Amino acid sequence: MQYRLNVNGADHNVEVDPDTPLLWVLRDAMNLKGTKYGCGSGLCGACTVHVDGAPVRACMTEISSLGTKKVTTIEGIGTTAVGKRVQEAWLKIDVMQCGYCQPGQIMEATALLAKTPKPSDAEITDAMGSHLCRCGTYTRIRAAIKLAAEG
């Protein structure tokens with residue numbers, strides 16, 4: 001079946017089955033490899049993207065559920081003011097180790113700051129708590145979110 005998607009501000013046509021996860025449409029049909037496959041069950045957050053500005057797990061989102069909603073991936077998040085600040089803070093704090101989970105972490109952090117510009121520690125913990133990092137960069141992630149919140 002053919003679907004028209006708006007991803008990172010551009011329209012794309014893709015031919016996939018209705019139950020195809022958004023993750024595979026992005027990675028395989030659109031060659032946007034920044035969104036990562038982690039657990040495949042929506043538990044680790046590595047595949048987080050934005051759908052109409054809200055963070056969602058791309059591995060659990062069927063393409064047929066999107067309709068005309070706009071999708072933003074790690075490749076497009078830097079075009080938003082908040083996303084750019086988050087990416088700059090990530091680099092300044094040197095958050096990444098292996099980097100595998102970082103696209104999903106950045107997407108979640110950007111959604112948090114877009115909704116709550118000056119989050120408390122509890123709000124950061126609540127927003128980021130469902131993202132797993134096997135390298136244990138949680139302290140630096142929190143510091144980067146606070147730096148990005150300073151503007």
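## Loops and backbone angles

Strands here are DSSP runs of at least two residues, numbered from the N terminus. In this predicted model, Asp52 sits in the loop that joins β3 (48–51) to β4 (54–57). The phi angle of Asp52 is positive, near 50°, and Asp52 is not a glycine. Most residues other than glycine have a negative phi.

Asp94 also has a positive phi, near 60°. Asp94 belongs to the loop between α2 and α3.

## Helix α1 and Arg27

Helix α1 covers residues 22–29, and Arg27 is part of it. The buried residues in α1 are Leu22, Leu23, Val25, Leu26 and Arg27. The buried residues of this helix pack against four strands: β1 (2–7), β2 (10–15), β3 and β5 (70–72).

Why is Arg27 counted as buried? Its relative accessibility is 19%, and buried means under 20%. Beyond its neighbours within four places in sequence, Arg27 is in contact with Leu32, Lys33, Thr35 and Lys36. With Thr35 there is a polar pair: a polar atom of the Arg27 side chain lies 2.9 Å from the backbone oxygen of Thr35. Tyr37 is 10 residues from Arg27 along the chain, and the C-alpha atoms of Arg27 and Tyr37 are separated by 9.3 Å.

In soluble globular proteins, nonpolar side chains tend to be buried together. The largest nonpolar core in this model has 20 residues, and the members that touch the most others are Val86, Trp90, Leu113 and Ile145. Two or more residues of this core come from each of α2 (81–93), α3 (102–115), α4 (121–128) and α5 (138–149). Apart from this core lies another, of 19 residues, including Leu5, Val16, Leu23 and Leu32.

Which residues does Leu113 touch, not counting those up to four places away in sequence? They are Val82, Val86, Pro119, Ile145, Ala148 and Ala149.

## Thr110 in helix α3

Thr110 lies in helix α3. Is Thr110 buried or exposed? Thr110 counts as buried because its relative accessibility is 3%, and the cut-off for buried is under 20%. Leaving aside neighbours within four places in sequence, the contacts of Thr110 are His50, Ile77, Thr80, Val82, Gly83 and Val86.

## The largest pocket

How much space lies in the largest pocket? The volume is about 160 Å³. The lining of this pocket is made up of Gly53, Pro55, Glu108, Ala111, Leu112, Ala114, Lys115, Thr116, Glu123, Asp126 and Ala127. Helices α3 and α4 are the elements that give two or more residues to the lining. The largest share, 5 residues, comes from α3.

By type, the lining of the largest pocket has 5 nonpolar, 2 polar and 4 charged residues.

Definitions and conventions. Residues are numbered from 1 along each chain as its sequence is written. This is a predicted model: local features need pLDDT of at least 70, side-chain atom pairs count only at pLDDT 80 or more; totals for chains, interfaces and linings use all residues. Side-chain values use heavy atoms; hydrogens and water are left out. Buried means under 20% relative accessible area, exposed over 50%, partly exposed in between (1.4 Å probe, protein chains only). Contact means heavy atoms within 4.5 Å. A polar contact is a pair of N or O atoms within 3.5 Å; within protein, one must be able to donate a hydrogen and the other to accept it, and residues adjacent in sequence count only if both atoms are side-chain atoms. A nonpolar core is a set of buried Ala, Val, Leu, Ile, Met, Phe, Trp, Tyr and Cys residues joined through side-chain atoms within 4.5 Å. On a 1 Å grid over the protein atoms alone, a cavity is a set of points where a 1.4 Å probe fits but cannot get out, and a pocket is an open set with protein on both sides within 12 Å along at least five of seven lines; lining residues have an atom within 4 Å of a point. Grid points are joined across faces, edges and corners, and a volume is the space filled by probe spheres set on the points. Ala, Val, Leu, Ile, Met, Phe, Trp, Tyr, Cys and Pro count as nonpolar, Asp, Glu, Lys and Arg as charged, and the others, Gly among them, as polar.
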